[in-house]
Structures are given as C-alpha cells and as structure tokens.
Amino acid sequence: MKISRRYCSEFQGGINRIATKPVGNMTAIRFWIISVLIFFTPLLRTFAASTIRFADVTGQTRIGFKHTDGGSGKHYVMETVSAGLALFDYDNDGDVDIYFLNGAPLQGTTVDKPPTNAMYRNDGNWKFTDVTKQTSLGDTGYGLGVAVADYDNDGDQDVYLNNYGPNVLYRNNGDGTFTDVTQAAKLANGFQVGAGTNFLDIDKDGDLDLFVGNYLEFSYDSHVIKTTRGVPVYANPRFYTPVPDSLFRNNGDGTFTDVTKDSGISQHAGWAMGTVCCDFDADGDTDIFVANDVAENFLFVNDGTGKFEETALLTGTAYDLAGNSQGSMGVDCGDYDNDGRLDFYMTSFQTQLTSLYRNMGDGIFDEMTLLTGAAAGTHPNVTWGNSIVDFDNDGDRDIFVACGHLQDNIELFDDTSKYYEKNILLMNTGDGKFINVSEESGSGLQIELSSRGAGFDDLDNDGDVDVVILNSRREPTILRNDSPKQGHWLQIRVRGTKTNRDGVGAHIKLNAGELTLIDEVHSGRGYQSHYGSRLYFGLGAHETVDRIEVHWIGGGIDVFENIAADRLITLTEGTGRQ
Amino acid sequence: MKLNGKSRFIEAISKPENSQVQRNKLARPHEKKSNGPGRIVSGRVIIIASAVLVVIAVAALILTNFLESDNKTIETAPVHSSPAAESSPAVQKPAAEFPQTNPKGPESLLAPNIEIDSVKAESVKVALRLTQDLPGPKSIALLGDVHRNNGNSTEAVECWRKSLELDPNNAVAFNGMAWIAMKKAEYEKAVDLWERAIQIDPDLPYVHGTLAGALACLGRPEQAIESLKRDIQLSPKPAHSLVMMANQHMLLKEYEKAKAAFKAAINHQPGYLNAYYGLANAYARTGEMETSREYINTFRALKAKEMDALKKRDKAFDDLRSVCRKVSETHTAIGRLYLMNKRPAKAEQLLLRAAQLDPENTVSRMVLASLYQQTGRNDQALRLYDELIRIEPGRVNHYIGKGICAAMLGQLGKAEKTFQEIIRLYPSRAIGYRELAHFHLMTRTKPAEALLLIRKAVDINSSAKNLYLLSWACEINKDQQGAIEAIRRALELEPNNEDFKKILQRISRRDKQNSD
C-alpha cells in the first residue's frame, strides 16, 4: 500500500487515489525503484548544481532601449523575426559595446518619432551610455540582421545592416563616428526582407566580402492573414515566395560587386534566417551555413575561389535526424566535444527540437541532439539566438538558447507554450552531453520575455562570457556572468596584416596540457547577430597555454607558445613562429 | 488487436458477417419451425422480421462497442473533399439547442459569418452539460478532450486527473496527459504516463510509438527501439514507427539494422520520403556513396512534392472548418455516451449537430444511421448511407447499410443495385457476391442467381460464413446434397458452431425423410 501511494506521488494533487491496482512483486519493486528515483531526483539535481551563474544587471546598465517591431496588429510577417544585435568594440577602447537593431513603422503604424537602432558605449562597471546620435548609427530602417568587421582594413570595425528595405553599410571613421557608405559601396541589396549577414573572405584575397541572407518575397499586397482556432496569427512563411541569398565581392576600393549568380548562390532559393560562416571542412576557406525557415538549410561549400556548392543534404545538415524540415532560426558553430572540428547548433520552432550537428570530419554531420541532451527544454518554445560558449571556463562549451514565441497571443490557442518564456542554459557535462541547468543558474535565467537575437562577449573584461539579449517589443536583457571562478581562461584577439585586419576566418588551435581547443573568428552568427570578435577559451585547471596555432585565411600559420592564462592577448599575423 | 473507439465501432458495423450471422440465424427459412404448407413465408414478411432482428443486432453491437470503448478519443477521419456531402440532406433536422445560423443547411456553417469562438464555446457548453447530465469519469474526460481541442491544456489535464480519480483505469486519459507532458518537454513524466496507459491497455493504438518518442527525447534509443517493436507489431500501418526505429539504430550506429528498417518502411508505404532520407544517410555512413546518392535523388524528388503539398495545404487551410471538425468529433463522442446511457433523443441531437459541423464526419453519420435503424427510421438512415457513400465511396459497409435499409423499406430494386455496386467496386472480393446472394436469399426473388453468386463468393473465399450461405442457397434450389456438403465444410472450419450443427442435423434429417 505504501508502494502504491509512493508510486502515485509524482502527480501533484489528487492522483494518490487513482492507483488502486494491485501490483505484483516484481512490478512493486520496479515501482519502488521508480518512486525512490522520483523522490530523490530533485535532490540529485540540486547536488549536481550548475557551475554557471547569470545575474540580471539590465537595470543598472542605464540602457533605455526598447525594441519595436513596427506592427499595429496587422501581423506582417517580418514583425516576428526582428531583430539581431551586435557586440563589438566600436571605439577601440578595449571593451565591448552594444548595438541593438530596431524595427520601423510598417504600413498602418504611425509614430511621433521614428524608432532607431541604438548604440551603447561600454563605460565599464556595467554602465553604458547611449551614443546613437554621436556615432550616427541610428538607422531608421527596419532592422533584422547585422554583421561587423573591418571590411576596409583601416583598423576599426564597420557595421552592415540587413534590413527589410534597403540595407546599410556604416563605415567606421575611427573617431567614434560612422558614415553611411551604402550607395558608394553598392550594398543596398534592393528592397528585400533581410536575415542574417556575414563578412567573410570568400576568395582569400585579404579583404572581406559579404554574404546577405534574404528571408522571403514580401509586399503589402501579398500580405497573408490567417487565424488559428479563431485567433489571428502570423502566417507561415510558406505563404511567401522564398528568394536566393546574396553575395558581394569586395573590390578592395570601398566598393562591392554582386557575385550572387557567378558564385552559385543564386541557384538556391530559401527562407534564410540565421547564418554563420566557417571553415567546417578545414580546407582553408570559409563556407556558409544558412538556417532556412520551414525548408532545408543550406551549407554552401567554398571551392577556395569564391564559387560555392550547396551540400546540406549530402552533409546531413539540411534537415533533422528524421529528414524533416525545421523552422530553423539561429545557427552558430563551435567544437562542443573538443574533437578539433566545428559543429553546428541550430534553433527552431515550437514542437521541434533544436539541432546539434556533430562534425564527423569526413564531410558528414551526425545529428546528435537526442543522444546529447542538447535540446533539453526547447520543445515547447520557439528558439532564436544561440551560441556554443564555455560559460564556466571548464574547458568545454555550453549552450545558450534564447526563447520566446513569435505568436504574441499563443496562449489563446495553445497554452503549452508562451509568448514570454525563460531562456535556456545547457551545461556541458564534459562527456559530450548537456543538462538543462536553467533553473539553477541564477536570476538571469528566470526572466520571461520574448527573446530574439543574443550576443555573447566578456562585457566587463573579467574573463568570463556575459550575455546580451534583444527581446521583441521590450527592453533588452543584460546578463552578467557570475559563475564561481573555477577555471582559467584565455581570450585571443587576432590581427591580420596580410589577411583581413579582424582576422575573420582565422582558425585557432590551442593546446594546454591534455586539452585541445579550437575556434574561429566569425563575423555574423547566431540569430542575425554579431558577437565574439575576440575568442574565448576556458582552460579549466591549466594556468598556461602550451601552444597556439593561428591558421590565417589563405594558408599562413603562426605559432605561439607558453602563454600565461587569465588574460586577453592579441596575436598579430606574422609575429609568431612560422 | 484492440481498437480505439472509432476503429472498433467501424469494425463492428463494417463486419457484415456479424449482422449476417444474426440475420441468417433468424431469417433462414429452414431454421424456422415448419408450419405446414404455409411455412414458406413471403419475402416481405421475412424482410420485416429480419429487419427487426437486424435492428436488435445493430443495437447490441453499438451497445457492446460503447460499453467497451466509449469515451475513447475519436481521431479525425480521413478528409476527402466532398462538396456533395455539404448539402447533407440527411442531417438537416435542426438541433434546437444550438445556434441555428445555417437555416439553409450545414454548408453555411462553414461560411465566414459563423464565429469560431461561438463554436468553441458551444463545445465547452455541451461537454459541461454532459458532466451534469451524466456525472462520471467518462464525461469529465470528454470535457478534458474539449479543452485540449480548444488549446486549454491546463484545464484538459485537470479534467483528466479528476476523471482518473474516479476511474484509474482510463488509459485514454493517461494518454492525453502524456501528450501534454510531451509538448511541454516533460519527457520523464510523459514516459511514466504512457507506461501507465500501457499497463491498463497494452493495445491502445500508437501508444507504444509515442512512448518511444519520449524515450528517444530522453536519449534512450535502446528502450525506444523496444517500444517501437511493440508498436510495429500492433500497428496496421507501421511505416512511421519503422522509420523511427531506424533512426534510433542510426544513433546507435547500427547502420545495417537501420537500413533494414528503412526498407521495411518503404515496403509498407512506398514513397515514404523520410525512409529514403534515412537510407541515404545510412549508406553514406557505410561508405556506399553511389547507393546513397540514388536514395538522395529519390528523397529530393519526394521532398519537392511534399513542399508543394504543404503549400497547397497551407492555402487550403480553413480555420473555421478545422475547429468545426474538432468540435464535431467531440460532439460525436458525447452523443455516443448519451446513447450508451439510454438518452437517444439527446444523442441524436448531438450527432446531428456533429454531422452539421463537419460534412465529412463519417462516425457521427454511421452512429446516426444505426440509431435511425434501431428506431425504425430507415428512410432517414438510407439518406445517411447515401451521404456516407458520397464521402467514402470506397467503403463497403456503407453500401451494405444502404442495401439493408432499402430492402427494409421495400425498395428491392434499389437494394439490389446497391449490392451490385459492391461487386462493381471490388470484383475480386467475395463480399459483394455474398451480400447480393444474401439479399436474393432473403427476398427469395432470384434463388438461382443467389446460388451462382454465393458459389462465386466461395470460390474466392471459402469462409465458414460463405459456406453457410452456400448451404442455404443450395437448399432453396433443392440441392440437398449440396446444402449438406456446404454446411459440413462450414462446420469443419468452425467445429464448435452450434448453429451449423443444428442446420446440418436438420438438413440431413429432411434429406433422409425425402429419400425414405
């Protein structure tokens, strides 16, 4: 009888009375074991506490930005997908600043003052100053995606905005101000609905070219209104025609040439969302991953000259394990299992799992989501910004997932999900698996908003990675990493001299004792965002890094040895052992 | 295999053998006591007599079905576009309790002037009323189903919990709760709930597959495979489970097992694109790239078709119709519960409304038709069977129902044509020949043709029931030896069938008397 009662105890409220069925001896033992497990599971979870802590410090940052999607209840499709953000050091003062993208009034919406993107200068001590006006970065276009890099190799980072409407290229003047050089650079990209965007060197010529994701073909005439269970909802993107993405080659003189057709990119139309560029096949050039909504993803493989072949289906990254299309949202890459290869992590729609694609090294990826626990907690949510980051500096990379439904009224027709949701933190257990530690990782993970883009950088230069999240229609969330300092760390900033100045595409391999870590410099990643211009390595107990190899885009290698941990270093091309 | 409510019901009324045996048992003239010269009863009298008994038989079947499966989830019937059904002459009877915004007929229910919210509210009102009229676990569980359909999972789970307090053996309630847990990513809880459902009803459809899904999400591929094996055993359409199982083998790097399962899925369901995707991956991982590419090409082609189909589906999606369909399902289930509890008037009202709400709801129409037959309203039943045939033109049961109703109404020509239609639809199956033969035997209109027809049926399928009818036809056609031979063969197949034994004794006795 005790067993029966215990067996039923899992249900809260009243279920105790239901289990009156007699149980046999073996069954009873099994029930007893289950009961004990159920009873102790919460305790075990407490004991297996997260080593990561995030504190919500938004209130003390003086950041007053509030996102708008530009909507007025008409449910235009782009309202749901705005927007990304960028973390970068715009003024070269050694700390990471924050740039938020913003929506703009859509047809039927009137405003007194047009909303703009917002630039916040990091003043240290978690204080930020709104420098939008001073920097001239207050674009009033409808912001969706952003990438940052020094495209003109003049020593400061420039900004490209992928908007609904004309895109914008802001050249950094080097004095804390920016100039809109879109027309001169020929990078407006028509009038499209944008998505993720990336700077990358497609042809290894030393300057950065530009990939521009395009979401879908939209006009107010083609706007679709739907209802679900009688509730007005945003229509599925399948109602709109997919479009090819765009690729622009840097001419080296401040102008770009549209090579979408010549490069092979134009052959594939999709509903692009997040994008990331990396050398997944370690052949020395940069490839492009496009997370496509409601259809197969694209993995464009570079032949080294800027010609691309779409290989997602062949490589196992087009679909989930079962071959189903996902509502793919954001995508990032990183070596989650420290096997020396870049893996992909991708977010998706409600009732779908996020996807972890493990790079097997032979041009094939295995979808490891189910075996690794890398999608824990994501099933009820629409998931967006993400990254594979070592938050506790223990030498393996954890996963952060930004959540929030795109239907602002989801609870009216499906209360298994919510518009405002908590974000998810998945801690790497060190054996290639993840556990959901969101409930045990501090106040920062208890915030419920509808998150979109997320960025990951060390905002206070204390050696661990903090988080900035753009929330749809609301204020952003700034999370300070307060994890107990268990591991040593090293941050690396690379400087190209022959290759692009930001070192975008540079591949770093680091050895510290038995630990081998890799990473790569990316421009544009996650959900239509930019972050991580400097690279972060958690070293665990290692106080010294034995060796660092920097493989520059184009083939050059620099080796650096015996580097003390717990600091930020700059590795300049040509200064290491060749 | 145990079926869910809908399947069981359909199976019950789709097994003409059940009702035939009843009919045969009672209507076959040589089963009646001899009344001397007047013992040959006219066809019409036989029809009337048999009709009464058919009604009893159908009622018994329905009741049995309800007793066993009432309150189980009714799944959406396969949707076939059937504009004709929307005119629905058989279900025009107004259901006074519901808003009659469609005085011209149920087709206008789908017009934009109907508020979806009011239909949803109606579903809740009906279910709440049920809990007052018939308090009990089944009613509460049905209220839970209604809440689930309206997207209120919290209230749904609460109802199912209350239902389980009253009846802890409701596997369907556990199943519903498990689905909600799964949607909320509470996989451990989902596993536990599905395991409880299985303990209660191991044959609950799809539950082993859904359990496997939760186990897979927990990263337990071996356990998922075991559960899928059981699902594959039980499911008449196991392709999905085979692909799921293959994917678990892929995770375990058991590529040959994965290939075999993917191929088995394709055997069951050619064109199952996920299986081709899996095969492409499996062959790629065993280094057979050429084969992998072939499967990829097939997958690509199928995927393109799928995308086209999805786009069409998106464009065709009608929210009101979708909501009405769900409400129609729960109205049907509630109507059946009223019927089971001897509230036929209330049941009829709800079933009519269900049919109005969803012009393609075959279950509500079938139950209604049975109800009409039970209450002697064969003309109304006949119209429903006409509608059912329009909705599901390939389903034999509807023709049989129509034929019986027509016969009971004395429309013998129409009945005969209906049974002939079964032969036209399925010339290689025994059922059409048997039903037409049976009709001729019942009406005694064409005994010689009946004999030819039932011989044809026996040639195709020498089942005990067909042989029994052959015996009957032989006897009517004065072929005593043939009759004895046929019933003997039937008895060989069903040695414990007491009716067959009695028939054999009687025919043999008469044969002996004749020879004496």
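Here is a chat about how some labels on this predicted model were reached.

Colleague: What should I know about the ground rules first?

Modeller: This is a predicted model, where local features need pLDDT of at least 70, side-chain atom pairs count only at pLDDT 80 or more, and totals for chains, interfaces and linings use all residues. Residues are numbered from 1 along each chain as its sequence is written, chains are lettered from A and ligands numbered from 1 in the order in which they are written, and side-chain values use heavy atoms, with hydrogens and water left out.

Colleague: Why is A:G532 called buried?

Modeller: Buried means under 20% relative accessible area, exposed over 50%, and partly exposed in between, with a 1.4 Å probe and protein chains only. A:G532 has 4% relative accessibility, so it counts as buried.

Colleague: Where is A:G532, and what is A:G532 in contact with?

Modeller: A:G532 belongs to the loop between β37 (515–520) and β38 (535–540) of chain A. Strands are DSSP runs of E with at least two residues, helices are runs of H or I with at least four, and both are numbered from the N terminus. Contact means heavy atoms within 4.5 Å; setting aside neighbours within four places in sequence, A:G532 has A:F456, A:D457 and A:R525 as contacts.

Colleague: How many helices and strands are in chain A, and what share of its residues count as buried?

Modeller: Chain A has 7 helices and 41 strands, and 64% of its 578 residues count as buried. Of the contacts in chain A with a separation of 6 or more, 61% come from residues 24 or more positions apart.

Colleague: What about chain B: why is B:Q248 called buried?

Modeller: B:Q248 has a relative accessibility of 4%, so it counts as buried. B:Q248 sits in helix α12 (residues 239–251) of chain B, and its contacts beyond four places in sequence include A:L370, B:A216 and B:P221. B:C474 counts as buried too, because its relative accessible area is 2%.

Colleague: Which label does A:N338 get, and which does A:V294 get?

Modeller: A:N338 has a relative accessible area of 24%, so it is partly exposed, while A:V294 is at 12% and therefore buried. A:N338 is in the loop between β22 (331–334) and β23 (343–346), with phi near 50°, a positive value in a residue other than glycine. A:V294 is in the loop between β19 (287–292) and β20 (298–302), and its phi is near 55°, also positive in a residue other than glycine.

Colleague: Where is the cis peptide bond between A:S82 and A:A83?

Modeller: That bond joins A:S82 and A:A83 with omega about 10°, and A:A83 lies in the loop between β1 (54–56) and β2 (85–88) of chain A.
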